[in-house]
Each structure stands twice: as structure tokens, then as C-alpha cells.
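Please look through the sequence and the model shown here before reading on.

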Amino acid sequence: MWGPKAIIKTRLEAFARQFSYDMGYAHQILDTGMKPFRAFSGLFTLAAYRDRQLPLAPWFAAKWVATQSEGCGPCQQLTLNMAQQEGMPASLIKAIKLGDEQGMGPDAALAYRWARAVISPQTAHESAHEESHEAEQLRQQIKDKWGARGLISLTLAMAGARSFPMIKRALGHDTVCQLLDDAKP
């Protein structure tokens, strides 16, 4: 008989196969119980939220910056593979991956710069103030261009993207965090 856990396991395995991504940490949470898995599964909704007014390229640029900041190669590769599956051109994905703002175009570059300003570690008080000023200017440009919903879409995408590598590390699944495969987009 197929219960909820069996259905979820099948979906996790299908996702793992589709993207060549280790979902062991998600299985660990599911094996612990449905209640913790339901709480965890909210991250999928969080990470996938994108307002229809926000173009795909800026959304993926912000996700990329957030994922890259966590240093997990498989999570970075997953982000790139998902962008490719969504139909983003390989040249645009490569530009985002390399931080080539000219190659990624003005919309993706705006989201990319803002995400970097928000995520960058703040070490000295003066640099923290400068970065927060830059982040505020870019935030306003994003709101002017895509509205509050666009800003929220980018924010939630970054929060979701950073959560998965952190959960993997916390549960001891960071041993599968190898370097990014540079051969892929």
C-alpha cells in the first residue's frame, strides 16, 4: 500500500535522478517523521516562489549568489541545472555563474549585485555601512523595476537557496559537497 511517506520517497528519488542530486538529507528528515518533513517541505515552496512580473534571469541570478555563498558544489550545480531546465540560454547561465555582469544583461546584473551586497560578510563597521548603502540603493532600483513583489521574490529565493546547504551541513550530509563541475553551464 502506498502511504504518504512512500509517495514522498518516490518523488524525492525522481528529483534526485532528474538532477543527479543527493537527496539523502531529505530522506533523513522524512524517515524521522511526517511532521518534521512537512516543516522542512515548506522550504521547497519558499525557494520556488517567483512573482510572475519578475523575469527568470534575475531570479536565478539571486539564487545563484545565495547558493554560491554556501560553498556546496552539488547545490550550485542543481541551481544551474534548474536554470537550464527552465529554458535559460547556456550563455546567460554561464555569465551568471562567472559573475559576468555584461554577459548576464542589466536585469540579471541588478539582482546579482543586490544579492552580493546583501549576502557579503560584513567585517568592519565602515565597510558594513558602505555595503548596506549599496544594498539599499539596489533594493530601491529593484522595487522601482519589479515592485515589492519582485523584491520579495528575490529575497525568498535567496533565503530558500541558502537553507538547503545549511541543512545538509547540520545533518552531516556535507560530505557530498564536492566542487562545482565546471564542465556544465
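## The chain as a whole

Read along the sequence, the protein chain follows the pattern α-α-α-α-α-α-α-α, which amounts to eight helices and zero strands; helices (H or I, at least four residues) and strands (E, at least two) are DSSP runs, numbered from the N terminus. This is a predicted model, in which local features need pLDDT of at least 70 and side-chain atom pairs count only at pLDDT 80 or more, while totals for chains, interfaces and linings use all residues. Residues are numbered from 1 along each chain as its sequence is written, and side-chain values use heavy atoms, with hydrogens and water left out.

Of the 185 residues of the protein chain, 43% count as buried, where buried means under 20% relative accessible area, exposed means over 50%, and partly exposed lies in between (1.4 Å probe, protein chains only). The accessible surface of the protein chain comes to about 10,100 Å², and 55% of that area belongs to carbon and sulfur atoms; such areas come from the Shrake-Rupley method with a 1.4 Å probe, and for residues only the protein chains shown count as cover. If we take the contacts (heavy atoms within 4.5 Å) between residues at least 6 apart in sequence, 66% of them join residues at least 24 apart.

## Helices α1 and α2

The axes of helix α1 (residues 4-19) and helix α2 (residues 24-32) come within 10 Å and cross at roughly 175°, where axes are lines fitted to C-alpha atoms, for helices over the stretch in contact, and angles run from 0 to 180 degrees between N-to-C directions. That makes α1 roughly antiparallel to α2, because angles over 145 degrees count as roughly antiparallel, those under 35 as roughly parallel, 65 to 115 as roughly perpendicular and the rest as oblique.

On the α1 side, Lys-5, Ile-8, Lys-9, Leu-12 and Glu-13 meet Ala-26, His-27, Leu-30 and Asp-31 in α2. The residues of this contact divide into four nonpolar, one polar and four charged; Ala, Val, Leu, Ile, Met, Phe, Trp, Tyr, Cys and Pro count as nonpolar, Asp, Glu, Lys and Arg as charged, and the others, Gly among them, as polar. In the loop between α1 and α2 we find Ser-20, which has a positive phi of about 50° although it is not a glycine. Ser-20 is exposed, with a relative accessible area of 66%.

## Helices α4 and α5

Helix α4 (residues 56-70) and helix α5 (residues 73-85) pack with their axes 9 Å apart and at an angle of about 170°, and that makes α4 roughly antiparallel to α5. Their crossing is left-handed; a crossing has this hand if the near helix is turned anticlockwise from the far one by less than a right angle, and is right-handed if clockwise.

From α4, the residues Phe-60, Lys-63, Trp-64, Thr-67 and Gln-68 meet Cys-75, Gln-76, Thr-79, Leu-80, Met-82 and Ala-83 of α5. By class, the residues of the contact of α4 with α5 are six nonpolar, four polar and one charged.

Which residues of helix α6 (residues 90-98) are buried? They are Leu-92, Ile-93, Ala-95, Ile-96 and Lys-97, and what covers them includes α4, α5 and α7 (101-119). Helix α6 is followed by Gly-99, whose phi is positive, near 75°.

The axes of α6 and α7 lie 10 Å apart, and the two helices pack at an angle of about 45°; α6 and α7 are therefore oblique to each other. In this pair, α6 passes α7 in a right-handed crossing. The contact is made by Leu-92, Ala-95 and Ile-96 of α6 together with Gly-103, Met-104, Ala-108 and Tyr-112 of α7, and by class it has six nonpolar, one polar and no charged residues.

Asp-51 lies in the loop between α3 (34-48) and α4, and it is buried, with a relative accessible area of 6%. Not counting residues up to four places away in sequence, Asp-51 touches Arg-149 and Ser-153.

Helix α8 (residues 125-170) holds Gln-140, which counts as partly exposed at 35% relative accessibility. The C-alpha atoms of Gln-140 and Trp-114 are separated by 9.9 Å, although these residues are 26 apart along the chain. Ala-159 also lies in helix α8 and, at 34% relative accessibility, counts as partly exposed. Ala-159 and Lys-63 are 96 residues apart in sequence, but 8.5 Å apart in space, C-alpha to C-alpha.
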